[in-house]
Number of protein chains: 2
Amino acid sequence: MTFANLDELLAAVTPTDPPMRAVAQERLDSLTKPPGSLGRLEELAAQVACVQGDPKPALGGKAIVLMAADHGVTAQGVSPFPREVTTQMVFNFLAGGAAINQLAKHAGARLTLVDIGVDHEFDAHPDLVAAKVARGTADFSQGPAMTREEATAAILVGADIAAALVADGVGIVGTGDMGIGNTTAAAAITAALTGADPVAVVGPGTGLDAAGVSRKAEFVATALRVNAVDASDPLGVLAAVGGLEIAGLVGVLLGAAASGACCVADGFISGAAALVASRMAPALADHLFPSHLSAEPGARIQLEALGLTPVLELDMRLGEGTGAALAIEIVEAACACMSGMATFAEAGVSGAE
Amino acid sequence: MTFANLDELLAAVTPTDPPMRAVAQERLDSLTKPPGSLGRLEELAAQVACVQGDPKPALGGKAIVLMAADHGVTAQGVSPFPREVTTQMVFNFLAGGAAINQLAKHAGARLTLVDIGVDHEFDAHPDLVAAKVARGTADFSQGPAMTREEATAAILVGADIAAALVADGVGIVGTGDMGIGNTTAAAAITAALTGADPVAVVGPGTGLDAAGVSRKAEFVATALRVNAVDASDPLGVLAAVGGLEIAGLVGVLLGAAASGACCVADGFISGAAALVASRMAPALADHLFPSHLSAEPGARIQLEALGLTPVLELDMRLGEGTGAALAIEIVEAACACMSGMATFAEAGVSGAE
């Protein structure tokens with residue numbers, strides 16, 4: 001294992017070099033365009049420059065890590081889709097038939113699929129990382145979803161996968177999730193860590209009606225009370241009301257940052273992972289890129305808590321890493337401008353008068 | 001020439017087949033994802049499906065047509081950059097040093113650069129289409145920027161270029177512009193065709209201060225009065241207060257649509273071209289894709305008038321086709337999902353209960 005334990009992982013997440021920010025801005029302002037006219041692209045490229053310590057940043061390899069797991073809460077009817085869909089979708093990912101297969105390919109990103117907690121024993125498959133911590137979580141309206149040890153184990157699985165990708169030339173790692181029931185877990189984490197009302201953070205997920213959303217909010221409120229969650233203990237919150245794929249994605253984000261790479265949080269599920277990860281290691285912020293504003297209502301609360309402005313607002317709510325894959329394309333395009341453009345001096349173009 | 005005259009071009013812009021919309025929606029709802037969960041991607045892919053008459057759409061080749069021209073209004077100090085920058089930037093495009101060079105390459109789009117009205121005699125160059133209609137426009141605060149014949153000639157240049165690209169396998173054509181002074185022309189067209197107050201449509205362009213923006217608004221108001229513009233005569237508006245590159249881009253949009261392809265309007269300058277084109281041929285709407293919301297304030301007014309919701313909001317205001325290139329990537333990713341994903345039946349995934 002790259003990281004012997006959680007403390008070692010967290011200690012390895014460090015801020016980027018502050019002087020590079022000024023160097024990056026100077027280069028951006030020297031390029032053949034009105035200052036600032038590439039808008040958000042300039043911010044994104046400058047952030048990559050700071051992560052890489054290079055005013056001509058290049059992402060190199062790109063990856064999406066998609067973690068799949070099952071949830072005990074599915075026994076409570078929090079999703080219109082049956083629990084078996086988690087397993088069925090893993091087979092769909094392996095066959096290349098899901099949205100993320102198309103979008104990762106379009107972005108030129110490799111897709112690493114991880115069984116970190118699916119309630120099914122898969123045969124060995126070259127495209128499936130077998131890293132099951134448990135066959136799904138427990139119903140967290142009755143007690144904790146998992147133990148702190150299980151949550152920690154899942155984090156370290158994710159961190160090691162991210163570190164291995166970075167060692168193999170990947171410069172940006174996006175997160176993706178699959179797990180029927182996981183918007184309930186993500187909502188519970190978001191409410192626990194931000195203090196937001198459960199009613200404000202729950203949403204239709206894969207398609208609940210208004211009555212279903214209302215029941216889901218009550219369920220989350222009950223879970224927060226039963227588990228006596230403590231916002232100052234992010235690992236405890238994750239273990240109590242999280243999911244194994246969410247814990248794995250906490251590790252992916254931390255592991256990418258600890259390895260000196262960029263990371264991109266996808267939508268609402270990944271946003272919950274980003275919240276937990278940033279509470280554990282605030283320096284994650286320097287490495288973390290937003291992707292899109294999920295249509296799930298709690299996503300906005302997560303992004304505000306993280307201080308992130310989404311790159312894309314496309315009304316998506318699928319998960320799987322679909323928003324991260326699209327955002328990686330934008331970040332890469334931003335780097336292409338910053339690295340490939342000529343300066344006013346190089347091109348012999350007159351500046352503003 | 002593909003189009004003998006303007007009437008022939010406009011007649012060739014026809015609505016897409018209405019029944020395909022339902023076929024496209026049926027396919028989207030059969031794919032392995034909660035219905036609607038790909039948000040805007042589903043709308044974009046469905047629109048391409050309608051243009052192509054195929055529920056498994058694929059863009060094929062992609063192109064950005066970048067039209068460059070000079071403007072008589074530069075004599076009035078409407079830009080902080082000197083007029084020579086138009087010519088200098090053409091050389092920068094040819095050398096590959098501008099933002100659009102990087103972004104077109106990133107999108108896998110070919111870049112067609114056209115001198116349709118630059119105030120410089122370029123030597124022949126394999127990457128520069130020599131199609132100069134005039135060496136820039138006249139100062140439209142004194143009278144029309146160009147004649148109706150010049151505007152028509154520029155439109156037909158653009159239409160022929162787009163048609164040739166489509167004949168060569170391009171399925172989507174984005175527009176781009178270069179022309180110091182052209183935000184003034186775009187603002188004048190926008191005010192003339194939408195009835196918006198000049199104060200609401202002018203902005204800093206490449207970097208005017210507040211006093212400069214105020215003078216620019218007065219200048220636009222004067223130009224609209226001097227030229228007695230008539231919103232019901234879009235060609236007249238284009239000739240009176242437009243620019244040669246804007247006229248050329250009107251032709252690019254119309255020519256792509258007339259050839260059965262998709263077209264993407266870039267930012268504020270291209271938005272003015274899209275307004276003119278859609279007034280000339282309302283069926284353009286079926287073929288036209290928005291790209292981004294330019295930071296230039298009049299862009300929002302244009303998009304509202306066109307009934308378009310931008311795909312991207314990245315605070316960009318560079319032109320050149322930079323926003324179109326990014327949007328083409330998103331549209332292509334949307335098509336990849338619609339065409340490449342498995343259906344619930346194909347993947348053996350259970351649907352919602």
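## Contacts and burial

In chain A, 77% of the contacts with a separation of 6 or more are accounted for by residues 24 or more positions apart, a contact being heavy atoms within 4.5 Å. This is a predicted model, in which local features need pLDDT of at least 70, side-chain atom pairs count only at pLDDT 80 or more, and totals for chains, interfaces and linings use all residues. Side-chain values use heavy atoms, without hydrogens and water.

Of the 353 residues of chain A, 65% count as buried (under 20% relative accessible area, with a 1.4 Å probe and protein chains only).

## Fold and dimensions

Chain A comprises 15 helices and 6 strands; these are DSSP runs, H or I of at least four residues for helices and E of at least two for strands. Its radius of gyration is 20 Å, which agrees with the value near 20 Å for a compact globule of 353 residues (taken over C-alpha atoms; the rule is 2.2 Å times the number of residues to the power 0.38). Along the principal axes, the C-alpha atoms of chain A fill a box of roughly 70 × 40 × 40 Å.

The same surface serves both copies, as 100% of the contact residues of chain A recur in chain B.

Definitions and conventions. Residues numbered from 1 in each chain as written. Chains lettered and ligands numbered in written order. Buried < 20%, exposed > 50% of the residue type's maximum accessible area, 1.4 Å probe, protein only.
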